Amino acid sequence: MIQEKVLEFKKLEDEIKSCKKCELWKTKRNYVIGEGDYDAKLMFIGEAPGREEDLQGRPFVGSAGKLLTELIEKVIGLKREKVYIANVLKCRPPNNRDPNPDEIKACTPYLIKQIELIEPSFIVCLGRHSARFIFELFGLKFPSLTRVKGKIFKVITSHGKSIHVMATYHPAAVLYRPLLKDEYVKDFEKIAEYVKEKKKEKTLLDFT
Ligand code: SF4
């Protein structure tokens with residue numbers, strides 16, 4: 001990893017840690033910036049920190065995070081540290097309410113910068129708030145999560161880079177409705193297939 005990228009990340013993280021661009025900084029305990037490999041090819045984007053994430057200052061560390069980690073490691077076959085995990089919002093909305101449009105507008109420049117720095121090949125949107133934001137960011141239509149779920153879309157970023165995007169459920173939704181689990185695992189199997197193909201292509205993409 002080039003030193004310049006590390007410095008850019010550090011600058012961004014410092015900026016987030018003192019952010020007061022929306023009211024959520026007042027009620028949060030910790031900013032939850034994101035974590036993982038700055039050179040990750042696979043990036044997961046959720047909605048906002050929950051209670052446990054807010055306490056620990058880390059994304060997806062509660063029961064939903066446990067399910068996500070299990071699927072990344074057992075189905076996709078990558079260590080959690082080899083992917084990058086972030087959220088649309090960096091502060092927890094009180095009582096886990098939905099993010100409001102002003103909060104999304106204020107906070108997402110940070111996420112966009114994270115995507116620009118990481119340059120992932122594949123973005124997985126976890127839940128409808130994340131999916132709506134990412135689909136619209138890349139000029140994709142977002143009729144509903146149900147309509148796009150599990151499909152892989154190819155987009156070109158503003159820097160001319162080809163990237164794949166897929167939306168699926170937020171793991172918390174699967175914990176709440178266990179009947180969704182089989183379908184959820186199938187979506188992760190599609191991601192695993194993509195990673196396998198990329199490894200076979202022997203391109204410069206390094207997923208391991
Ligand atoms: S949610 Fe985002 S924009 Fe709002 S205070 Fe936290 S870091 Fe800043």
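Modeller: The model is predicted: local features need pLDDT of at least 70, side-chain atom pairs count only at pLDDT 80 or more, and totals for chains, interfaces and linings use all residues. Residues are numbered from 1 along each chain as its sequence is written.

The residues of the shell around the ligand divide into 10 nonpolar, no polar and four charged.

Biologist: What makes a residue of that shell nonpolar, charged or polar?

Modeller: Ala, Val, Leu, Ile, Met, Phe, Trp, Tyr, Cys and Pro count as nonpolar, Asp, Glu, Lys and Arg as charged, and the others, Gly among them, as polar.

Biologist: Which residues around the ligand are the closest?

Modeller: The closest are Cys19, Cys22, Trp25, Cys91 and Cys107, among 14 residues that surround the ligand. A residue is near a molecule if its C-beta atom, placed from the backbone, lies within 6 Å of it.

Biologist: Why are E1 and E5 called edge strands?

Modeller: Six strands form an open, mixed sheet in the order E1-E3-E2-E4-E6-E5. Strands (E, at least two residues) are DSSP runs, numbered from the N terminus, and two strands pair if DSSP finds at least two bridges between them. Strand E1 (35-36) and strand E5 (152-156) each pair on one side only, and are therefore the edge strands by this definition of pairing.

How values were computed
Helices (H or I, at least four residues) and strands (E, at least two) are DSSP runs, numbered from the N terminus.
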